[in-house]
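Here is a short note for a colleague who is new to reading structures. Please keep the model open while going through the points.

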Amino acid sequence: MPIFSMTGYATAQAAGTASPDHAAPRLGVEIRSVNSRFLDLSFRLSEELRQHEPALRELLQSRLKRGKVEVRGGVEAAAGAGLATPSTALLQRLGSVQEQVLAWLPQARPLGVADVMRLAGGESGGGAIDTAQVIALATEAVEGLMQARAREGERLVTMLKGHLKQLRALAEQAKPLVPQLVEQQRTRFLERWNEALGLGAPSANAPTAQTAQDRALAEATAFAIRIDVAEELTRLAAHLDEIERLLTKGGEAGKRLDFLIQELHREANTLGSKSQVLELTRISVEMKVLIEQMREQVQNIE
């Protein structure tokens, strides 16, 4: 399955059904989406399409899992279609209804010409619009949106795999430093300890010096263990492998990838906090820069 981005845009248009008295109106549906933790749907539909909102919502929920999605829909009168003249019967009914409304609500606004023409069907061209037409058009727009999200998702996967490659290279640079750092810190600690005691090099005939030497060795070893970053590098490599597996597998991977990015950041931070040399600090900083870039990209993945 492909990896889908939550960012996309699509539009679709089609002619409605003509009636005996009016030309077919033009229907238009526009869908745009951006990233969001959950599926957040909003609709901006013209008066003629509001009754179809439940069906549109059901369609989108069946195809999309995450993202802030805005759907716009409208109806435009057919080109060259004139305004329909309201019948006398319709005007009489509207007048009667208006009188009843004003009798109960004296502050209500009287009907205007635009209101009358809309109620007469002139605004939409008078053609019939049924749910099947709207859903067919919305399905076309959703398909376009999915294609756009898939293209953006493919671009994100390419970028993320590039970052994975760079992180692996940085981890390889850090590996040779680990045993060197441990031995270096162990030796340095031992020298400082001996200097502080004023004992110099240990002697077989000096048990006090030997005791101090043993204690220094234990302390140095414990300190070396604390600065050993081999475990962090191992976990970081495991996280990188899992991220690559998810990117290859595809599907709904956004939330899992977001969690793994947090784990990567934790390992890179620990690597930096244990660093005793400038080179390892540089590697940690470069890792965190790459991981932050990945975090921003992963937040766009469904």
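1. Helix 4 and helix 7 run roughly antiparallel to each other, because angles over 145 degrees count as roughly antiparallel and theirs is about 160 degrees. The model is a predicted one. Helix 4 covers residues 131-174 and helix 7 covers residues 230-249, and their axes lie 11 Å apart. The crossing of helix 4 with helix 7 is left-handed.

2. Which residues of helix 4 meet helix 7? On the side of helix 4 they are Val157, Leu160, Lys161, Leu164, Leu167, Arg168, Ala171 and Ala174. Their partners in helix 7 are Leu233, Leu236, Ala237, Leu240, Asp241, Ile243, Glu244, Leu247 and Thr248. Sorted by class, this contact of helix 4 with helix 7 holds 12 nonpolar residues, four charged and one polar.

3. Helix 4 also packs with helix 1 (residues 53-63): the two axes come within 10 Å and cross at roughly 30 degrees. Helix 1 and helix 4 are therefore roughly parallel, and helix 1 passes helix 4 in a right-handed crossing. Helix 1 contributes Ala55, Leu56, Leu59, Leu60 and Arg63 to the contact. From helix 4 come Thr131, Val134, Ile135, Ala138, Thr139, Val142, Glu143 and Met146. The classes here are nine nonpolar, two polar and two charged.

4. How do helix 8 and helix 9 pack, and at what angle? Helix 8 (residues 254-274) and helix 9 (residues 278-298) pack at about 165 degrees, with axes 9 Å apart. That angle makes helix 8 roughly antiparallel to helix 9. Their crossing is left-handed.

5. The contact of helix 8 with helix 9 takes in, from helix 8, Gly254, Leu257, Asp258, Ile261, Leu264, His265, Ala268, Asn269, Leu271 and Gly272. Helix 9 supplies Leu280, Ile283, Ser284, Met287, Lys288, Ile291, Met294, Arg295 and Val298. By class there are 11 nonpolar, five polar and three charged residues in this contact.

6. The largest pocket has a volume of about 230 Å³. Its lining consists of Met6, Asn35, Ser36, Arg37, Phe38, Arg66, Gly254, Lys255, Asp258, Phe259, Val298 and Gln299. Which helix gives the most to this lining? Helix 8 does, with four residues. The lining divides into four nonpolar, four polar and four charged residues.

Methods:
Residues numbered from 1 in each chain as written. Predicted model: local features only at pLDDT ≥ 70, side-chain atom pairs only at ≥ 80, totals over all residues. Heavy atoms only, no water. 1 Å grid on protein atoms, 1.4 Å probe; cavity = no way out; pocket = protein on both sides within 12 Å on 5 of 7 lines; lining within 4 Å. Points joined across faces, edges and corners; volume = space filled by probe spheres on them. Helix = DSSP H or I, 4+ residues; strand = E, 2+ residues; numbered from the N terminus. Nonpolar A, V, L, I, M, F, W, Y, C, P; charged D, E, K, R; others polar. Axes fitted to C-alpha atoms, helices over the stretch in contact; angles between N-to-C directions. Parallel < 35°, antiparallel > 145°, perpendicular 65-115°, else oblique. Left-handed = near helix turned anticlockwise from the far one by under 90°. Contact = heavy atoms within 4.5 Å.
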